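I opened this notebook to record what I looked up in the structure. The entries follow the order in which I worked.

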Amino acid sequence: MNVPELERDLEALAAEVAWPPTPELRLQLDPRRRRRFVEGRRALVLVVAVLLLALAVAFAVPSARTAILRFFHLRGATVELVDRLPPAQERDLGADLANPVSLEQAERDLGFRILLPPHAGRPPVHEFAHTVSMLLAAPEPVLLTELHVGNENGPGILKKVAGIGSGVEWVDVGGDPGLWVPGGHVFFGPGAPARIAGNVLLWVHGGITLRLEGKHLAKNAAIRFASTIR
Amino acid sequence: MEGRPLEERELVLRAQRGDARAYEEIVRTHQQIAFRVAYLVTGNAAEAEDAAQEGFIKAWRAFGRFKPELPVRPWLLQIVANEARNRRRSAGRRAQLALRAERAALPGATAPSPEHAVVDAAERQRLLEALDGLPDDARLVLSCRFLLGLSEEETAATLDVKRGTVKSRTARALDRLKETYERA
């Protein structure tokens, strides 16, 4: 027997192999489902979670393993202070974004008008699991994420966990309620592993919850910029 | 999209926007080949099922980063095979396959012919056993290429090696199988 004959025999054999029956896979594909957290270092940390309150338990936030010291609520968002920081990696702002789609496509999919800063034009956006994100160059490289929380039982999408001392504070964003969360916290976005986030401003405008993140984003600059997003 | 049905690209794009049903459709299309890849690696049907299941879940979590212009099957097979390798490594043992030749004769075959060396059940079983007796690298590359019918690119992704390695490894594995088969 030569090698070509052996190849033919192997090819013929392919149809004859009695493979074990292929099982029906049962996948739990909730895009909001995240891994359970392993224990992190012991320190006073701040946990910021942006998620639907009704789904907080289902999301398995580290509350089961980290004591919640204090929390804040914004529409559809919870900011928690906990005693341990969950593990996370440092990655670029756009590292976990899905492929871009047009603004029109995202608005059709998500069912709400996406808010934009002036002069932004019609930028491509990144859509995933009821959220839409876009990278903007001004006032510095920032990531703007929006979600519509129709009611407390609607779909949840963002979860963010932050470490460190303090500095979370209520702010006024052009008449809308907001939360300023200093960098160094841990962010859980849909479809991506946890990452260490930069400075973040959370606020609500017209039923939309918005999140603006920048590595060196200053609080006052963030608030001024956020006030122009309509 | 070369070599890929339009519907799959649409499913991929929808899945990347978080559409779980679209992803489940993709999984349904590829679950058999993925399970068989996992079975080849682990040598155990239950572990292969776990590996395929966990691999598909991991792929879902990473789906936002998949480039939709690429074929999805090699990417999924790579993730599932990697999961299977990890499980096998944890178990610390070699895969022991129990593949059997299914039918007593080739369809339509009435008598042995020079074109088909594998003409009866005993010969087919002997060839399978010779294949199973090869070292893992050789066994896997031949199984992927000939038993599963994977392309060189898919085999490279599955085995986590370069395409050139698949070529050279296949040639060496065939030589070795020929030797083993003839000796048996």
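**Entry 1**

I found A:His119 exposed, with a relative accessible area of 83%; exposed means over 50%, buried under 20%, and partly exposed in between, using a 1.4 Å probe and protein chains only. I note that this is a predicted model, in which local features need pLDDT of at least 70, side-chain atom pairs count only at pLDDT 80 or more, and totals for chains, interfaces and linings use all residues. Residues are numbered from 1 along each chain as its sequence is written, chains are lettered from A and ligands numbered from 1 in the order in which they are written, and side-chain values use heavy atoms, with hydrogens and water left out.

I placed A:His119 in the loop between helix H2 (103–110) and strand E5 (125–128) of chain A. Helices (H or I, at least four residues) and strands (E, at least two) are DSSP runs numbered from the N terminus. The phi of A:His119 is near 65°, a positive value in a residue other than glycine. I then looked up B:Asp160, which is not a glycine either and has a positive phi of about 60°. B:Asp160 sits in the loop between helix H7 (152–159) and helix H8 (163–183) of chain B.

**Entry 1: The sheet of chain A**

In which order do the eight strands of the open sheet in chain A run? I read the order as E4-E5-E6-E7-E14-E13-E10-E9, with antiparallel pairing. Strand E4 (100–101) and strand E9 (169–173) of chain A are the edge strands, each pairing on one side only. Two strands pair if DSSP finds at least two bridges between them. Between strand E13 (residues 199–205) and strand E14 (residues 208–214) of chain A I found seven bridges, in the antiparallel sense. A:Leu202 stands opposite A:Arg211 in E14(A).

I next examined the helices against this sheet. H2(A) lies across E4, E5 and strand E6 (131–136) of chain A, at about 25° to E5(A). Helix H3 (residues 219–227) of chain A lies across E6, E9, strand E10 (176–181), E13 and E14 of chain A, at about 40° to E9(A). Axes are lines fitted to C-alpha atoms, for helices over the stretch in contact, and angles run from 0 to 180 degrees between N-to-C directions.

I counted eight helices and zero strands in chain B. Buried residues make up 51% of its 184 residues.

Which residues touch the most other members of the largest nonpolar core? Of its 61 residues, they are B:Tyr23, B:Phe56, B:Phe63, B:Trp75, B:Leu142 and B:Leu177. Such a core is a set of buried Ala, Val, Leu, Ile, Met, Phe, Trp, Tyr and Cys residues joined through side-chain atoms within 4.5 Å. Helix H2 (residues 20–42) of chain B gives the largest share, twelve residues. Domain 1 (6–91) and domain 2 (121–183) of chain B both contribute, so the core lies between them; the domain bounds come from an automatic or database domain assignment.

**Entry 2: Confidence in chain B**

The mean pLDDT of chain B is 82, and 80% of its residues reach 70 or more; pLDDT is the predictor's confidence in each residue, from 0 to 100. Over residues 104–112 of chain B, pLDDT stays under 50. Where pLDDT is low, the predicted coordinates should not be read in detail.

How values were computed:
Contact means heavy atoms within 4.5 Å.
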